[in-house]
Amino acid sequence: MEEYIVYATVLVVGILIGSFLNVCIYRIPEKLDIVVQRSHCMNCNTRLKWYELIPIFSYIFLRGRCRTCKSKVSIQYPIIEALNGVFYVLVFYFYGWDSMYSFLLSLIYCLTISALIVLSVIDVKTKNIPVGVNIFLLVMGLATVMTKYFESGRSTDLVVDHVIGFFSISLFLLLLLYATKGRAIGGGDIKLMASAGLLLGWELVILAFLIGCVLASIIHPIRMRVENVGRSLAFGPYLSVGIVITIFYGRKMVEWYIDTLFV
């Protein structure tokens, strides 16, 4: 019973934070204050009442429209709120909360996934990855290294593994940036993979990058045909999906690959 209470609490917290993510997605590209400024309708500018700010339920009760001007509210809002809540539950299911270290790691990965959601939506809309989000991910990477360092009895090998991860993909992408004069990759993607490398370590960040590349090579050509989008793509969302998959299944995938290849 206690387990279900924990998961229910984590779900609610994730949904509430998901509501804040929507604020970040709208305000960061506009360079607006994400904390002080009160929420309002983007069409009529009316300040929202407290009951209009209840995640998911307010969207359902108001039938996806502003209470004042009746303009449609984007379905993005409840989707991101629900998605963030589900991811939080999955993280705590995979990593647990039984010890201080497992709880800290779960918390770090939850916040990391939230940042990747913000990064992905903004990148799709603007073709730009905000520096602030990458800095936040870098902090999450440092927090991961510190947590694992003390959990492992202060293993320096673990620290080296994550430091190598910081450079393993980002350095390659930096060389690619200069070789193609910015046509093949963006600076935001390089910073993203540097932070991801510190978070995951060198083996898992390579896997995350490969997953992102495979997804981009499959999905974007389909979008080019179906949605008539151009050849230029926002790479951040694909890399983010690769990172999230690796957070959940990366170690098992690497172990399966090694066992298949060498056994």
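Start with the nonpolar surface patch: select Leu11, Val86, Leu90, Tyr93, Phe94, Tyr249 and Met253, which together make about 620 Å². Patch residues have over 30% relative accessible area and no salt bridge, with nonpolar side chains (Val, Leu, Ile, Met, Phe, Trp, Tyr) joined within 5 Å; areas come from the Shrake-Rupley method with a 1.4 Å probe, counting only the protein chains shown as cover. This is a predicted model, where local features need pLDDT of at least 70, side-chain atom pairs count only at pLDDT 80 or more, and totals for chains, interfaces and linings use all residues. Residues are numbered from 1 along each chain as its sequence is written, and side-chain values use heavy atoms, leaving out hydrogens and water.

Now colour helix 3 (76-95) and helix 10 (236-262), each giving the patch at least two residues. Helices are DSSP runs (H or I, at least four residues), numbered from the N terminus. Helix 3 has the largest share, four residues. Click on Leu90 in that helix: it is partly exposed at 33% relative accessibility (buried is under 20%, exposed over 50%, partly exposed in between).

Glu203 sits in helix 9 (residues 202-226) and Arg251 in helix 10, so the pair links parts 48 residues apart in sequence. Both ends are partly exposed: Glu203 at 27% and Arg251 at 38%.

Last stop: Arg223 and Glu227, another salt bridge, with closest N and O atoms 3.1 Å apart.

Key:
Patch = residues over 30% accessible without salt bridge, like charges linked within 9 Å, V, L, I, M, F, W, Y side chains within 5 Å. Salt bridge = Lys/Arg side-chain N within 4 Å of Asp/Glu carboxyl O. Buried < 20%, exposed > 50% of the residue type's maximum accessible area, 1.4 Å probe, protein only.
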